[in-house]
Structure formats: structure tokens, C-alpha cells
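Colleague: I would like to go through this model with you. Tell me what each term rests on.

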Amino acid sequence: MKLVMLGIVFGATGFIFNFVLDNSSKVYNIFTKNPYVKAILGGVITIILFFILGDNYNGLGQPFINDSFNNPVSIIDSIWKIIFTAVALGSVFQGGRGNPTFFVGTALGSWIAKFINIPLASSAALGRIGIFVLQRHYQ
């Protein structure tokens with residue numbers, strides 16, 4: 001039952017991740033269609049978020065991902081990574097979705113482990129692969 005529940009949670013999170021990223025450029029289009037202005041907006045928002053929240057959510061996040069297998073993290077970490085990725089990819093910045101899915105899935109699995117009483121590393125690994133597989137299927 002725990003694995004079924006995890007599958008549902010990771011599937012729903014993967015759906016939310018894809019929905020947010022697919023529609024993030026539409027938010028920029030509300031304000032401007034000019035790609036230069038979109039780039040400036042995306043850069044400014046990213047810088048502001050960086051100064052407020054630090055560098056955990058920028059870039060690949062490998063140290064954070066690795067730490068999530070050993071130490072529980074918060075659900076907010078997954079949410080912030082989705083937001084940072086949407087801000088960047090919604091404007092004109094180039095990047096993939098692969099590594100952000102690793103980050104979001106691992107953080108979510110790390111957080112949820114304490115509620116379902118399974119080993120932290122196992123839950124983090126299931127989250128990492130669960131959201132990534134959904135992402136690969138989605139494309």
C-alpha cells in the first residue's frame with residue numbers, strides 16, 4: 001500500500017511539475033511577447049529569488065540532491081525548485097527538465113519518508129526515479 005501511495009504522490013507531483021513548466025511561458029506572454037524583455041524579466045526574478053533563498057535551487061543542485069538521500073528535507077524544497085525552473089525555462093533561458101525532475105523527486109521522496117516509515121534513501125530514490133519516469137513518458 002505504501003508503494004501505491006508513493007506512486008500516486010509522485011505521479012501527481014510529476015503532473016504538476018509538467019503543467020507548471022508547460023504553462024510558465026504563457027505567464028510571461030501576459031506581460032510581453034518580446035524575447036529580450038522576457039529574458040530580462042526571467043533574469044531579474046531569478047536574481048531576486050537567489051538573494052532571498054540562496055543557491056540551493058539554482059543550477060543542477062547535485063550537492064542538495066546527494067544530501068537528500070541522507071538527511072530529510074522539506075516539501076518546500078521541491079516547490080521552490082519547480083518555481084525556479086519555471087521562471088528560467090518560461091522566459092527564454094535554455095535548459096532541460098531532466099535534472100530538475102531528479103531534484104524535485106529526490107526532495108519529495110526524502111520529505112515523505114518520515115510519514116510512511118520507510119528508509120529515507122529508499123523513498124528518495126523512488127521519488128527520483130518516479131518523477132523522472134513520468135517526465136520521460138510525458139515527452
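**Helix 1 and its span**

Colleague: What makes the span of helix 1 agree with its number of residues?

Modeller: Helix 1 covers residues 2–31, 30 residues in total. The expected span is 1.5 Å times one less than the number of residues. That gives 44 Å, and the end C-alpha atoms are 44 Å apart, so the two agree. A helix here is a DSSP run of H or I with at least four residues, a strand a run of E with at least two, numbered from the N terminus.

Colleague: What is the source of these values, and how are residues numbered?

Modeller: This is a predicted model: local features need pLDDT of at least 70, side-chain atom pairs count only at pLDDT 80 or more, and totals for chains, interfaces and linings use all residues. Residues are numbered from 1 along each chain as its sequence is written, and side-chain values use heavy atoms, with hydrogens and water left out.

Colleague: Where does helix 1 bend?

Modeller: At Asn 23, by about 35°. The bend is the angle between axes fitted to the seven residues ending there and the seven starting there.

**Overall form**

Colleague: Why is the chain called as compact as a globular protein of its length?

Modeller: The chain has six helices and zero strands. Its radius of gyration is 15 Å, close to the 14 Å that the globule rule gives for 139 residues, so the chain is as compact as a globular protein of that length. The radius is taken over C-alpha atoms; the rule is 2.2 Å times the number of residues to the power 0.38.

**Burial**

Colleague: Why is Gly 61 called buried?

Modeller: Buried means under 20% relative accessible area, exposed over 50%, partly exposed in between (1.4 Å probe, protein chains only). Gly 61 has 12%, so it is buried. Gly 61 lies in the loop between helix 2 and helix 3 (62–68). Buried residues make up 39% of the chain. In helix 1 they include Leu 6, Phe 10 and Tyr 28.

**The largest pocket**

Colleague: What volume does the largest pocket have, and which residues are closest to its centre?

Modeller: Its volume is about 280 Å³. Of the 18 lining residues, the closest to the centre are Gly 59, Lys 81, Thr 85, Ala 88 and Pro 100.

Colleague: What makes a set of points a pocket?

Modeller: On a 1 Å grid over the protein atoms alone, a pocket is an open set where a 1.4 Å probe fits, with protein on both sides within 12 Å along at least five of seven lines; lining residues have an atom within 4 Å of a point. Helix 4 gives the largest share of the lining, five residues.

Notes
Points joined across faces, edges and corners; volume = space filled by probe spheres on them.
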